[in-house]
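Student: I would like to go through this structure feature by feature. Please give the general idea each time, then the case at hand.

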Amino acid sequence: MPKIPEKVHELTVGQVSARSGAAVSALHFYEAKGLIRSRRTSGNQRRFTRDTLRRVAFIRAAQRVGIPLATIREALAELPEERTPDREDWARLSAAWRSELDARIKQLGRLRDHLTDCIGCGCLSLENCVLSNPDDVFGERLTGSRLLPEQERGGEG
Ligand code: FES
């Protein structure tokens, strides 16, 4: 495993890539999008501060649950640039994100729990659609399905 000794405070793009699991091209992309920053050596080599590893871990985890890059960038912009973010800084970010993450957890739960039920989408393809959505009555009240968050369904549902 690409263990990086504690005494190493500045990392090459290769070290960040090896330790974070993010491709070098992805790190270049994150930097181009303003999500991470590096300094350049006299030989124009990138050098990243060690806390970049935490930012990259955060970016990848957030992307994995479908959070848009712009939202991730806004959140990271709350962190201080002039010093390594500490626990309080991350706690502030986490608090700001709590409602976003709670909404996603709720949506993921809906997806996990309702795929075997009638979701009121109008397909009438499951046995229990006849009971839950006879003659597609949901179509009179909502657009889309009950898998979507209420505010995205149109009408009441
Ligand atoms: S699952 Fe589509 S209408 Fe029931």
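Tutor: Start with the terms for helix packing: axes are lines fitted to C-alpha atoms, for helices over the stretch in contact, and angles run from 0 to 180 degrees between N-to-C directions. Helices (H or I, at least four residues) and strands (E, at least two) are DSSP runs, numbered from the N terminus. The model is predicted: local features need pLDDT of at least 70 and side-chain atom pairs count only at pLDDT 80 or more, while totals for chains, interfaces and linings use all residues. Residues are numbered from 1 along each chain as its sequence is written, and side-chain values use heavy atoms, with hydrogens and water left out.

Student: At what angle do the axes of H1 and H3 cross?

Tutor: Two packed helices are described by the angle between their axes and the distance between the axes. Here the axes of H1 (residues 13-20) and H3 (residues 52-64) cross at roughly 50° and come within 10 Å. H1 and H3 are therefore oblique to each other; angles under 35 degrees count as roughly parallel, over 145 as roughly antiparallel, 65 to 115 as roughly perpendicular and the rest as oblique.

Student: Which residues of H1 and H3 make the contact?

Tutor: With contact meaning heavy atoms within 4.5 Å, H1 contributes Val16, Arg19 and Ser20, and H3 contributes Leu53, Val56 and Arg60.

Student: How many disulfides are there?

Tutor: A disulfide is a covalent bond between the sulfur atoms of two cysteines. The rule used is a pair of cysteine sulfur atoms within 2.5 Å, and the count by this rule is zero.

Student: Is Cys118 buried or exposed?

Tutor: Buried means under 20% relative accessible area, exposed over 50%, partly exposed in between (1.4 Å probe, protein chains only). Cys118 counts as buried because its relative accessibility is 4%. Cys129, with a relative accessible area of 2%, is buried.

Student: Where does Thr49 lie?

Tutor: Thr49 lies in strand S3 (residues 46-49) and counts as partly exposed at 40% relative accessibility. Thr49 and Glu10 are 39 residues apart in sequence, with their C-alpha atoms 4.8 Å apart in space.

Student: What is the phi of Asn44?

Tutor: Most residues other than glycine have a negative phi. Asn44, not a glycine, has a positive phi of about 60°, and its place is in the loop between strand S2 (39-40) and S3. Asp136, not a glycine, has a positive phi of about 55°. Asp136 is in the segment after helix H6 (129-132) and is partly exposed, with a relative accessible area of 23%.
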